[in-house]
Amino acid sequence: MPSPRDVLTPDSLAMLQVIADTGSFAAAARQLQLVPSALTYRVRQMEEALDVLLFDRSTRQAQPTEAGQALLAEGARLLQDIDAVANRVRRVATGWEPELTIVADAVLSHSTLLDLVEAFYALNAPTRLKLTTGTLSGPMECLIQGRADLALGMTPTNTSAAGLQVQDLGDVQFAFAVAPFHPLAQHEGPITDEVMREHRLVVISDSAQRERTSMGLLDGQDIFTVDHIQAKIDAQVRGLGCGFLSQAMVQPYVDAGLLVIKPIARAARNVRVRYAWKKSGGNAPGKALQWWLEQLQSPVTQQALLEQHRYSWLPQR
């Protein structure tokens with residue numbers, strides 16, 4: 001007895017659709033240029049392999065049974081998928097990568113990244129996108145280890161690894177922010193390291209698995225570690241600690257009265273962030289990566305990634 005894999009071929013699924021459309025085995029056989037007995041034999045093979053009756057033969061019309069209707073619906077979807085795969089393979093052969101993985105630091109505007117993703121999909125390119133986030137050394141580690149094709153927003157550490165192309169994205173200014181009811185909110189004058197050390201600092205863990213880094217920590221200071229930027233913001237809004245956030249990222253919360261920015265005695269924190277990708281020997285990057293690199297060269301795109309943080313859910317005042 002044939003197995004379902006033997007009989008559920010694209011040709012057989014298309015044949016069932018012709019039978020359903022024409023309403024009879026004889027008409028379907030004529031359209032498919034088959035003798036009626038050959039067509040009937042193929043349908044019976046499918047029914048035996050699936051152990052179901054696909055067509056009701058009690059009348060002159062070939063009416064699909066409930067099982068037959070289900071198979072027709074799934075068959076139509078499978079045939080569309082096969083066509084889509086064939087088209088995608090043909091387009092990939094023209095220079096489009098099958099998949100492009102992008103890892104972006106949490107300091108970048110997530111809404112701007114999604115704007116870029118939307119623009120990329122408008123190209124109707126065959127490349128599948130994978131977008132992940134990382135912190136501190138994490139994006140660079142993903143790139144070096146081959147788990148990403150493009151790293152966005154990394155800090156200058158470890159940018160000299162072999163086989164990488166690195167470009168500046170821009171500078172991010174950080175501000176020291178606390179909740180309005182936090183003890184430091186009422187502090188007079190710039191906050192010194194000695195004063196700051198007496199209060200819990202909210203920090204994001206480095207997403208790297210090996211060489212991890214930290215920023216803004218003071219010796220002996222109590223810390224509360226979270227794993228992503230939104231958790232850090234939420235913790236500071238709740239007054240669970242103080243900490244540094246990018247000026248552009250924290251400003252909507254300041255405008256909403258959820259956080260306040262306090263001056264500090266130490267020099268202002270301005271961090272240059274970059275983006276990087278792996279060189280492909282003497283070959284040009286794939287078309288998908290080329291498209292992203294072209295967008296990243298735009299000053300408008302760079303500014304949006306660094307500054308345009310949109311939070312539609314924030315309360316309005």
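**Figure 1. The whole chain at a glance.** The protein has twelve helices and eleven strands, taken as DSSP runs (H or I of at least four residues for helices, E of at least two for strands) and numbered from the N terminus. Of its 317 residues, 43% count as buried, meaning under 20% relative accessible area with a 1.4 Å probe and protein chains only. Among contacts with a separation of 6 or more, 71% link residues 24 or more positions apart; contact here means heavy atoms within 4.5 Å. Residues are numbered from 1 along each chain as its sequence is written, and side-chain values use heavy atoms, with hydrogens and water left out. Since this is a prediction, local features need pLDDT of at least 70 and side-chain atom pairs count only at pLDDT 80 or more, while totals for chains, interfaces and linings use all residues.

**Figure 2. Helix α6 against helix α11.** The axes of α6 (residues 110–121) and α11 (residues 287–296) come within 11 Å and cross at roughly 135 degrees. Axes are lines fitted to C-alpha atoms over the stretch in contact, with angles from 0 to 180 degrees between N-to-C directions. That angle makes α6 oblique to α11, the class left over once under 35 degrees is called roughly parallel, over 145 roughly antiparallel and 65 to 115 roughly perpendicular. From α6 come L113, L116, V117, A119 and F120; from α11, A288, W291, W292 and Q295.

**Figure 3. Helix α3 meets helix α4.** α3 (residues 25–32) and α4 (residues 36–50) pack at about 110 degrees with their axes 9 Å apart, which makes α3 roughly perpendicular to α4. On the α3 side sit F25, A28, A29 and L32, touching P36, L39, T40 and V43 of α4.

**Figure 4. Inside the largest nonpolar core.** This core has 40 residues, and L150, L152, F176 and W292 have the most contacts inside it. A core is a set of buried Ala, Val, Leu, Ile, Met, Phe, Trp, Tyr and Cys residues joined through side-chain atoms within 4.5 Å. Elements supplying at least two residues each include β5 (150–154), β6 (164–178) and α12 (299–307). α11 gives the most, with six residues.

**Figure 5. A close look at A235.** A235 lies in helix α9 (residues 229–237) and is buried, at 4% relative accessible area. Leaving aside residues up to four places away in sequence, A235 touches V202, F224, L240 and G241. V202 is 33 residues from A235 in sequence, yet their C-alpha atoms are 7.3 Å apart.

How values were computed
Buried < 20%, exposed > 50% of the residue type's maximum accessible area, 1.4 Å probe, protein only.
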